[in-house]
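Please look over the sequence and the model shown here before reading on. The briefing that follows takes up packing and strand pairing.

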Amino acid sequence: MLRALAVDDERPSLEELLYLLNADPRIGSVEGAGDATEALRRINRALESGPDGPDAVDVVFLDIHMPGLDGLEMARLLTGFARPPLVVFVTAHEGFAVQAFDLKAVDYVLKPVRRERLAEAVRRAAQLRESAARIPVHEPDPGHITVELGGVTRFVPVEDITHVEAQGDYARMHTAQGSHLVRIPLSTLEERWRSRGFVRIHRRHLVALRHIDELRLDAGSVSVLVGPVELQVSRRHARELRDLLMHRTTGR
């Protein structure tokens, strides 16, 4: 049973699409979103809950012309996700089919939507979803994190990461060689990497203790030097950081 998300800024079109999808026995659940930003927010929440979580999304039925972020731009963003949902475009415009299939769309359905045509798109999505479910997924060992860039998957050693910066629902990991943007909240990395010597120093920053070169005190403010980068330490985290650095230095 597919878990679907329908995205269209025109309410009548969205309601019709939801009605048709609800009537298809292969659709287990379907929600609607009025724009791409709302849809991305829901997909991010779904990915955080895991493939079997209550908010999981298997396939997105996506309009193209929408205010703000359009459907093609949203689909392009989804290609950067580690495990993106399938995409079916549902649009009144014929001229974007080539771009849509370049983005690995499952199907391209023209409005007004015919029940039989939409059913074929659902069948294709269900078939692809079933095929993907039979492919075993091998996660890297806990000492690495997966990074997707331009269709290439890299495994970055956690020990190479000097600090991590929150960017909304994403996190930018910094190493001596560069930085990588991943779709993981900073709070998740904080919990996952606490045992590996990472500590929260600010609501926006997580730092590896082993990569801190200096602790600086200046007129009541606290900062740390991580390579060439100076990062501010918030007051609520300053005491814990000093204690941890002292413990690391003295071994007590």
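Leaving aside its neighbours within four places in sequence, which residues is Phe89 in contact with? With contact taken as heavy atoms within 4.5 Å, the partners of Phe89 are Leu62, Ile64, Gly71, Leu72, Ala75, Ala100, Ala105, Asp107, Tyr108 and Val109. This is a predicted model, in which local features need pLDDT of at least 70 and side-chain atom pairs count only at pLDDT 80 or more, while totals for chains, interfaces and linings use all residues. Residues are numbered from 1 along each chain as its sequence is written, and side-chain values use heavy atoms, with hydrogens and water left out.

**Nonpolar cores**

- A nonpolar core is a set of buried Ala, Val, Leu, Ile, Met, Phe, Trp, Tyr and Cys residues joined through side-chain atoms within 4.5 Å, where buried means under 20% relative accessible area (1.4 Å probe, protein chains only).
- The largest such core has 24 residues, and those with the most contacts inside it are Leu5, Val7, Val60, Leu62, Met74 and Phe89.
- Two or more residues of this core come from each of β1 (2–7), α2 (36–49), β3 (59–62), α3 (71–78) and β4 (86–91), with helices (H or I, at least four residues) and strands (E, at least two) being DSSP runs numbered from the N terminus.
- The element that gives the most to this core is α2, with five residues.
- A second, separate core of 21 residues includes Leu14, Val113, Leu118 and Ala121.

- Strand β14 (residues 221–226) is joined to the antiparallel β15 by five bridges, and Ser223 has Gln232 as its bridge partner in β15.

Terms used
Two strands pair if DSSP finds at least two bridges between them. Buried means under 20% relative accessible area, exposed over 50%, partly exposed in between (1.4 Å probe, protein chains only).
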